[in-house]
Amino acid sequence: MRGQVRTVLPAMAAPQARSQKLTDSVQLSQTPPQFLFPPTGEVTRRLIENALVIGGGPAGLAAAIKLAERGMQVVILEMRSPDYSRPHHLNAREDTLHSLRDLGVYEQVRQASGWDEHPVCESEWKPLHGQADLTLSEASVGQVRISDVERALFEKSQKMGILFMEGQTAQLQAEKDGNYSVVARPVHGGPAESMGTPDLVVVADGANSPTRKDLGIEFIDESSPRYYLGALVDVPIGPDFRKVGLHDGNQLFHMMATGHSKYPSTWISVEGDARLQTMSAEERNRYLAERGSILLDRTITPKNIGWGSGQMTIVQNRRAEECTAGRNVLLIGDALRTGSVWVSGGLNLALTTDVYNLEQVVDNINLRGLSREQALADYDIRSTLATEAWHVAGSDELEGRVKQLEDNVSYVCLPKA
Ligand SMILES: Cc1cc2nc3c(=O)[nH]c(=O)nc-3n(C[C@H](O)[C@H](O)[C@H](O)COP(=O)(O)OP(=O)(O)OC[C@H]3O[C@@H](n4cnc5c(N)ncnc54)[C@H](O)[C@@H]3O)c2cc1C
């Protein structure tokens, strides 16, 4: 059956410290900082008792909540203020809604998203145990605004007493014992502060993760790039979303509109080809307006296009060449991999799978007595399999090989305009 995913166990390399790019010493403030994670020198403590999360997007916030539920002390470093102004809509999969419920924020997101009730979430809830369903037929059961998800998770994290340090970027420093210590740098200037050595550092700073780059962990391209324009269009869509395959010559282009009649605007994302790279912002808006008119069956002009206008995104199956670093660092969410928008996996995989796998690391060490090395190696395997599953599920579409779209609700094929 289409969308069933088979995976192959990859050969795993033991996690190792990557200190080459981290040797620059950091200028610390003159006043001795209040260490949140006191430097311990050689970490002799066996248990994982605290964590520092880099990035307060959905993955980082969800991870922080799950770790705090285990009684851990958790701190988030986020470069933005928590104003949660990114308004684009995401297709949420069934798993995503269940995860939101598991995180205790479903009701808030449900109300913000304008659903009276949701048939999926009113149905029986089965624990996911990290097994996200990546079949295309489950690709969208509801539309959520990323800002609504982030706000709900942020408020929950605040109620739990998780320290959220805004306007801060993190820099990791390799220590002799194989752990990484963390230095917080204020975005708007001011002295850097040492945070000490957390038991666990969770890297959740998104697809352009500066932390991953600093660690020397590259993104490996696993498919050719696809070019997308996305922006808010000031027309409501109604309760349904639209996902359309547009045949342009031999190419299948992917176009998607998500939103809700509750919102005055709809998020539209349309695929083009490499020529989008050479277009001006005005030309891109005209392209988006033309395709948006097809999607919404309304006349859309560049004047209707708001947030995100003129910007181009490259979508590609990519994955970090390592999922962990040293003895205390692991990557989650978009910092770990990105992939096809057809299967709507970004938020889904972060919430259902990465966070679950992260919880397993803590439980493996704290409850099951595994060594850190074993627990991180286990995380590496789980994460690699999850990435592979998502990439397999989305690769047909990324390569434009879709000839038949099976889903009878979500997908429409239009002839070339
Ligand atoms: C236009 C668009 C449409 C999408 N549609 C869908 C969809 O339909 N379905 C779906 O499942 N997914 C979708 N996604 C993907 C989804 O948004 C991501 O997978 C999800 O947001 C990943 O969460 P994250 O927390 O890993 O990363 P992000 O959301 O990128 O969050 C990273 C956070 O880290 C912060 N940060 C960055 N650098 C630093 C630093 N140096 N120090 C501190 N903080 C830092 C950022 O400010 C940000 O808050 C879409 C994404 C986009 C852009």
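Student: How many residues surround the ligand, and which are the closest?

Tutor: In this predicted model, 33 residues surround the ligand, the closest being Gly55, Gly57, Gly206, Gly333 and Gly346. A residue counts as near a molecule if its C-beta atom, placed from the backbone, lies within 6 Å of it. Local features need pLDDT of at least 70 and side-chain atom pairs count only at pLDDT 80 or more, while totals for chains, interfaces and linings use all residues. Residues are numbered from 1 along each chain as its sequence is written.

Student: Which element gives the most to the shell around the ligand?

Tutor: H8 does, with 4 residues. Helices are DSSP runs of H or I with at least four residues, strands are runs of E with at least two, and both are numbered from the N terminus.

Student: What makes E6 and E8 edge strands?

Tutor: The open sheet has 3 strands in the order E6-E7-E8, with antiparallel pairing. E6 and strand E8 (193-196) each pair on one side only.

Student: Why is Asp297 called exposed?

Tutor: A residue is exposed if 12 or fewer other C-beta atoms, placed from the backbone, lie within 10 Å of its own, buried if 20 or more do, and partly exposed in between. Asp297 has 8 other C-beta atoms within 10 Å, and is therefore exposed. Asp297 lies in the loop between helix H7 (281-296) and strand E15 (312-315).

Definitions and conventions: Two strands pair if DSSP finds at least two bridges between them.
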